Amino acid sequence: MSYLEPSEFVTKMVDAGESKVYMSVKDTVIRAYMAGAVLGLAAMFAITVIVQTGSLLLGSILFPVGFIMLYLMKFDLLTGVFTLVPLAWLDKRPGVTIGQVLRNWGWVFLGNLGGALTVAVIMSFVLTYGYNIDGGAVADKVGHIGESRTLGYKEHGVEGWLTIFMRGMLCNWMVSMGVVGAMISTSATGKIAAMWMPIMLFFYMGFEHSIVNMFLFPFSMIMGGDFTVSDYLLWNELPTVLGNLVGGLVFVALPLYYTHVRTSPDRKISK
């Protein structure tokens, strides 16, 4: 594993954030669409493993395969650009404004949503042979996930909403560590090892990831999950997105940037 020093990989994070601001709309949307689709497939794969083996741990160990594939191919998740793009603004890179940051986030959100919805429709069709049979144990499992992680939170009111927000925050704390992990090594094996661990942790702990949920909840509704679009948006997607933003920015991007790029002078101690 060819390890880079923190000052090197954090500078790479800032450079990556700047490059995403300057990326064309076409490339931004294509990369985000593919990321949403690959992550949706990875979620489906992991849930299938859990249903067939009864082991949450095994599903969690295998889920990072999708995350690793999409990052090695330079696709973009909203959770990743939440962490990287603001650093280019903080570093006062030319042309990077708050408006440009929000523009990037908006296109990535739409691209991720499009990819995740596409996989949700395809997988629901495949599992039901064109909606002619029920989807079996896997579809039933996802349907229950959709209900418990919308209506289940709704039962607790404000405290339930804050619980989703905090689970989203914890999620992107770990996911963004995976994004950073892809930058701390110059070898493919080193990148894979560094990405694997935090992604496995977030999945096993049941934290809320806005892009995974863009697949899970529409799929659940297609398969007959008993909740509405407004339940999904208000009692899952919105607080999860906000929590993901805070987790990636406050717990990963800012600490790394302020202690490895904008370092303070050493203390002077009389000897």
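**Briefing: nonpolar core, helix crossing and aromatic pairs**

Within the largest nonpolar core, which has 73 residues, Phe9, Met13, Phe63, Phe202 and Phe215 touch the most other members. Such a core is a set of buried Ala, Val, Leu, Ile, Met, Phe, Trp, Tyr and Cys residues joined through side-chain atoms within 4.5 Å. The model is predicted: local features need pLDDT of at least 70 and side-chain atom pairs count only at pLDDT 80 or more, whereas totals for chains, interfaces and linings use all residues. Residues are numbered from 1 along each chain as its sequence is written, and side-chain values use heavy atoms, with hydrogens and water left out.

- Leaving aside residues up to four places away in sequence, Met13 touches Thr83, Leu84, Leu87, Val180, Met183 and Leu256, where contact means heavy atoms within 4.5 Å.

**The crossing of α2 and α11**

- The axes of α2 (residues 25–53) and α11 (residues 210–222) come within 8 Å and cross at roughly 65°; axes are lines fitted to C-alpha atoms over the stretch in contact, with angles from 0 to 180 degrees between N-to-C directions.
- This crossing is right-handed, meaning that the near helix is turned clockwise from the far one by less than a right angle.
- On the α2 side the contact is made by Gly36, Leu39, Gly40, Ala43, Met44 and Ile47, and on the α11 side by Ile211, Val212, Phe215, Leu216 and Phe219.
- Nine of these contact residues are nonpolar, two are polar and none is charged; Ala, Val, Leu, Ile, Met, Phe, Trp, Tyr, Cys and Pro count as nonpolar, Asp, Glu, Lys and Arg as charged, and the others, Gly among them, as polar.

**Aromatic pairs**

- The structure holds twelve aromatic pairs, defined by rings of Phe, Tyr and Trp (its six-membered ring) with centres within 6.5 Å; planes under 30 degrees apart count as stacked, over 60 as edge-to-face and the rest as tilted.
- Phe202 and Phe203 form an edge-to-face pair because their ring centres are 6.4 Å apart and their planes lie at 75°.
- Phe202 is buried at 4% relative accessibility, buried meaning under 20% relative accessible area (1.4 Å probe, protein chains only).
- Phe203 also counts as buried, at 15% relative accessibility.
- Ring pairs join Phe63, Phe202 and Phe203 into a cluster.

Definitions and conventions:
Helices (H or I, at least four residues) and strands (E, at least two) are DSSP runs, numbered from the N terminus. Buried means under 20% relative accessible area, exposed over 50%, partly exposed in between (1.4 Å probe, protein chains only).
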